[in-house]
Every structure is written in structure tokens, then in C-alpha cells.
Amino acid sequence: MIPDPAAKKQAYALARERVIAMWRGEADAIARMATAACILHEAMPHAFWTGFYRVVGAQLVIGPYQGTPGCLRIGWGKGVCGTAWATGETQVVADVHAFPGHIACDSRAESEIVVPVKDARGTVEAVFDVDSTEKAAFDEVDREALEEIFSRWYDHD
Ligand code: SME
């Protein structure tokens, strides 16, 4: 089920408060990712996979997530996640079958959003990936809300 824009905004506003409260005083990246994946997955009924790929050397390596098993490693510039890493820009993909080089970790995936997670200097440290079994599940409401939450990533106070 894809929530209407008002319902999405309300769910993201609540999730944002919960994520920021739980991140407070916690600098460990895995702890922060695990908490965000859990809270945001609960907030998004339009998602079946919600989680992180971490930049480790020249590849993305899977991090904390909720959902079905994801691919373990993704190369720079590969798929939607690798593109978000390479460009530093959020990718909103309404139809993954139309995205050149899309990596199908689960054949049920139809649409997705991937938000780069940057450190204080703007270097991509990880990407946050959300997948849906429905086409066009993500839009500007999701982009705005998720980018706002991840702009707080390196704020450890
Ligand atoms: N769909 C992603 C791969 C990761 S998963 O689906 C969990 C991509 O093309 O980057």
C-alpha cells in the first residue's frame, strides 16, 4: 500500500523524531544505521526492504537492514545504490526495470529510492536504500523527508 502524501509526511515526521532521539549521543555508525533502518522500515508500509550499504574501500558492503536478504556487495556506479554513491545524489526510481544496470536482489522489487549518507565533509559514507513491490512507490515527499533525516547523520550531539 502506498500512503497518500499527507500520511507519508505524518509518518516521516514521527519517524524523524524517533531516529534523532535515538541517535543522540551515539556515535557508532552501525548502531545509528540499525536504529534508523528499524524505525524507518516501520514508518514505510510501502517498503519491503529498508537499509544501508556502507562504503568499504572500492565497494558498497551491506549494512543493517530490514526485509528479505539483500546482495552483499555492489560496485561503484553499479545499480541504483552504486549510482547514488558515484553521483552523491538521491535516486528516485519509479520502475526499476527501466533503470540500466539495476541489481535485482529480490525479483519482487518494482521501485526504489536511494539516499546518499554523507559525512561532515560531504563524502558519501553509506547509502540508504528502500525498495517496494509496487511501481512508483517513492516520490518527492520521500526524498525530502529522507534527505532531511540523513542531513543529521554526522550530528552526534
Ligand atoms: N536494487 C539495488 C540493489 C540492492 S537491493 O535491492 C537490496 C540496486 O540496484 O542498487
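Visitor: What makes Cys105 count as partly exposed?

Guide: This is a predicted model, so take every value here as computed from it. Cys105 has a relative accessibility of 35%. Buried means under 20% and exposed means over 50%, with partly exposed in between, so at 35% Cys105 lands in the middle class.

Visitor: How do you know that Cys105 is joined to Cys71?

Guide: Go by the sulfurs: they sit 1.9 Å apart. The cut-off for a disulfide is within 2.5 Å, so the pair Cys71 and Cys105 passes. By that rule the count comes to one disulfide.

Visitor: Why is that disulfide called left-handed?

Guide: Look at the torsion about the S-S bond of Cys71 and Cys105. That torsion is about -120 degrees, so the disulfide is left-handed.

Visitor: Which parts of the chain does the pair link?

Guide: Distant ones: Cys71 is in the loop between β2 and β3, while Cys105 is in the loop between β4 and β5. The two cysteines are 34 residues apart.

Visitor: Cys81 is in helix α3. Why is α3 called largely enclosed?

Guide: Seven of the nine residues of α3 (residues 79-87) are buried, so the helix is largely enclosed by the rest of the structure. The buried ones are Gly79, Val80, Cys81, Gly82, Thr83, Ala84 and Trp85.

Visitor: What do those buried residues of α3 pack against?

Guide: Strands: β1, β2, β3, β4, β5 and β6. After α3 comes Gly88, with a positive phi near 70 degrees.

Visitor: Let's turn to the other helices. Why are α1 and α2 called roughly antiparallel?

Guide: Helix α1 (residues 5-23) and helix α2 (residues 29-43) pack at about 160 degrees, with axes 9 Å apart. Angles over 145 degrees count as roughly antiparallel, and therefore α1 and α2 get that label. The crossing of α1 past α2 is right-handed.

Visitor: Which residues make the contact between α1 and α2?

Guide: From α1 you have Ala11, Tyr12, Ala15, Arg18, Val19, Met22 and Trp23. From α2 come Arg32, Thr35, Ala36, Ile39, Leu40, Glu42 and Ala43. That contact divides into 10 nonpolar residues, one polar and three charged.

Visitor: Then what makes α1 and α4 roughly parallel?

Guide: For α1 and helix α4 (residues 140-150), the angle is about 10 degrees, with the axes 10 Å apart. Under 35 degrees counts as roughly parallel, and therefore α1 and α4 qualify. In this contact, Pro5, Lys8, Lys9, Tyr12, Arg16, Val19 and Trp23 of α1 meet Val141, Asp142, Ala145, Leu146, Glu148, Ile149 and Phe150 of α4. They divide into nine nonpolar, no polar and five charged.

Visitor: How do you know that Tyr12 is buried?

Guide: Tyr12, found in helix α1, has a relative accessible area of 4%. The limit for buried is under 20%, so Tyr12 is buried. Leaving aside neighbours within four places in sequence, Tyr12 is in contact with Leu40, Met44, His46, Val141, Asp142, Ala145, Leu146 and Ile149. Tyr12 and Leu40 are 28 residues apart in sequence, yet 7.8 Å apart in space, C-alpha to C-alpha.

Visitor: His46 is one of those contacts of Tyr12. Why does His46 count as buried?

Guide: The relative accessibility of His46 is 3%, so His46 counts as buried. His46 is placed in the loop between α2 and β1. Leaving aside neighbours within four places in sequence, contacts of His46 include Met1, Lys8, Asp131, Phe138 and Asp142.

How values were computed. Residues are numbered from 1 along each chain as its sequence is written. This is a predicted model: local features need pLDDT of at least 70, side-chain atom pairs count only at pLDDT 80 or more; totals for chains, interfaces and linings use all residues. Side-chain values use heavy atoms; hydrogens and water are left out. Axes are lines fitted to C-alpha atoms, for helices over the stretch in contact, and angles run from 0 to 180 degrees between N-to-C directions. Helices (H or I, at least four residues) and strands (E, at least two) are DSSP runs, numbered from the N terminus. Angles under 35 degrees count as roughly parallel, over 145 as roughly antiparallel, 65 to 115 as roughly perpendicular and the rest as oblique. A crossing is left-handed if the near helix is turned anticlockwise from the far one by less than a right angle, and right-handed if clockwise. Contact means heavy atoms within 4.5 Å. Ala, Val, Leu, Ile, Met, Phe, Trp, Tyr, Cys and Pro count as nonpolar, Asp, Glu, Lys and Arg as charged, and the others, Gly among them, as polar. Buried means under 20% relative accessible area, exposed over 50%, partly exposed in between (1.4 Å probe, protein chains only).
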